[in-house]
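The model is predicted.

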Amino acid sequence: MPAPTHIAILGAGPGGYVAAIRAAQLGARVTVIERNALGGVCLNWGCIPSKALLSVIELGDKLKKADELGLLLTEPARYDLARMVARKNKVVAGLVKGVATLFKAWNIEVVEGGGELADARTIAVTGPDGASRTVEADAIIIATGSSWPQLAQFPIDGKQIITSKEALDLETVPKRMVILGAGVEGCECATLFSGLGTSVTLVELQPRVLPLEDEEVSTVMARELKKRSVDVKPGTTIKQVDRASDGVAVRLADETVVEADVLLISIGRGFHSQGIGLDRVGVALGRRGEILVDERMETNVAGVYAIGDVVGKAMLAHVASAQGKVAVENILGHSARINYEVIPAGIFTLPEVGRVGLTEQQARERAQAAGRNPDQSVKVGRFRYAGLGKAHAVGDTTGFFKVITDSATDKILGVHVVGAHAADLVHEAALAMQVGATAAQVAGMIHAHPTLAEGLLEAVEDVNGTAIHQARKKAGA
């Protein structure tokens with residue numbers, strides 16, 4: 001019996017560690033090289049830490065409505081940011097330990113240190129103590145991820161100009177904060193710190209917040225952020241930042257000056273593709289610095305694969321994990337591919353956002369590119385949380401469901417949910433899209449009552465004008 005294939009993985013984030021476990025499950029010998037912490041950015045400084053803190057803000061929001069729900073509190077709730085951060089760190093430590101336990105159970109070797117490709121089958125590793133060693137393998141997976149941007153005009157000092165990494169470790173609530181970038185991270189941070197009582201100014205170059213989301217989602221999010229007293233400034237940017245001993249003066253493009261304790265930079269991420277020996281081996285990069293891969297996640301160099309943020313496909317932790325499985329299965333003789341058309345995602349603002357597939361604009365553009373009339377080719381169904389009995393019962397009626405379909409086939413092209421548990425609810429739609437279900441087929445499935453999932457039922461029914469709890473639309477409306 002031949003010895004199992006040895007796979008070396010550079011990086012132990014959500015792509016690398018999942019790839020490692022799947023490889024071990026399939027009988028490979030696995031070595032993982034990681035310079036920082038198991039779990040990568042997502043587990044240690046991103047997804048999990050931010051959600052741990054935002055969950056406390058969500059609880060605080062519920063307590064603010066306690067009186068009207070009939071729950072009488074003797075005094076107003078107060079936030080203790082230091083305790084919140086301590087709990088966050090405990091959650092992170094427990095999950096990191098869990099990954100280490102899984103590695104041990106699957107006999108996965110972990111090598112601490114920074115690695116770079118010496119050749120197409122060898123990774124040179126420099127350990128924390130400066131010692132060097134090499135790891136030779138039959139195949140290599142690069143899972144080095146991405147990092148916070150380093151902008152010459154806004155040099156990060158970790159105190160007055162910070163990234164989300166530093167923001168999630170603050171133990172004192174800033175009085176004033178400017179956030180540059182109203183994408184997913186920027187809006188989540190605006191939700192977190194406005195909830196803590198910080199005066200937040202949110203600056204976005206594009207004409208709307210969450211510029212990559214469906215326009216209706218952006219409209220609702222802008223409204224909800226303003227309700228949280230966030231000063232949203234779309235269609236502008238920061239021209240200059242002046243530091244002082246007690247904070248920063250942020251000058252916008254229109255010469256408006258905003259005083260703040262800290263400036264949080266949240267405008268995208270850079271690929272970790274430099275300094276890891278790719279040029280030595282001849283691995284091709286794209287114009288943004290991303291590693292180019294085929295549908296098997298293999299680079300132009302045979303036996304060298306890449307996954308996760310560093311390939312620039314969809315920079316989401318769960319996509320990295322899926323890519324890791326695909327890479328490993330292809331290395332070990334199976335055949336696997338990624339379906340990039342069906343990628344559910346959540347934005348953990350308050351209210352939450354869940355989405356999968358195309359926005360309405362993208363669906364119309366795709367129809368037009370195919371020579372079809374977009375007004376006739378795309379059908380949309382909607383339903384508001386305010387129409388759900390469960391939403392009223394729990395006192396959370398903000399939000400909506402939106403379903404986008406192909407009018408010729410009734411196939412679901414995209415679903416967008418804003419409201420309580422949106423990031424969980426959207427997975428029913430993702431499954432429907434994955435198996436090619438039509439709006440009518442989803443509408444034909446009985447949904448439990450009272451649940452928030454009934455909102456998706458009503459929205460898919462609304463596509464064809466059969467929603468029960470929706471007032472009849474007037475002709476021409």
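## The sheet

Five strands form an open sheet in the order β3-β2-β1-β7-β18, and their pairing is parallel. Strands β3 (109-112) and β18 (304-306) stand at the edges. Each has a single partner strand, so one side of each lacks a neighbour in the sheet. From one strand to the next, the twist averages 20°.

Strands of a sheet pair through backbone hydrogen bonds, either parallel or antiparallel.

## Pairing of β1 and β2

Strand β1 (residues 6-10) runs parallel to strand β2 (residues 29-34), and five bridges join them. Which residue of β2 stands opposite His 6? The residue is Arg 29.

Helix α10 (residues 317-331) packs on the sheet. Helix α10 touches β1, β7 (139-142) and β18. The direction of α10 makes about 170° with that of β7.

## Helices α1 and α5

Two packed helices are described by the angle between their axes and the distance between the axes. For helix α1 (residues 16-25) and helix α5 (residues 81-105), the axes come within 10 Å and cross at roughly 25°. Angles under 35 degrees count as roughly parallel, and α1 and α5 are therefore roughly parallel to each other. The crossing of α1 past α5 is left-handed.

Which residues make the contact? From α1 come Tyr 17, Ala 20 and Ile 21. From α5 come Val 99, Leu 102 and Phe 103. By class, the residues of this contact divide into six nonpolar, no polar and no charged.

Note on methods. Residues are numbered from 1 along each chain as its sequence is written. This is a predicted model: local features need pLDDT of at least 70, side-chain atom pairs count only at pLDDT 80 or more; totals for chains, interfaces and linings use all residues. Side-chain values use heavy atoms; hydrogens and water are left out. Axes are lines fitted to C-alpha atoms, for helices over the stretch in contact, and angles run from 0 to 180 degrees between N-to-C directions. Helices (H or I, at least four residues) and strands (E, at least two) are DSSP runs, numbered from the N terminus. Angles under 35 degrees count as roughly parallel, over 145 as roughly antiparallel, 65 to 115 as roughly perpendicular and the rest as oblique. A crossing is left-handed if the near helix is turned anticlockwise from the far one by less than a right angle, and right-handed if clockwise. Contact means heavy atoms within 4.5 Å. Ala, Val, Leu, Ile, Met, Phe, Trp, Tyr, Cys and Pro count as nonpolar, Asp, Glu, Lys and Arg as charged, and the others, Gly among them, as polar. Two strands pair if DSSP finds at least two bridges between them.
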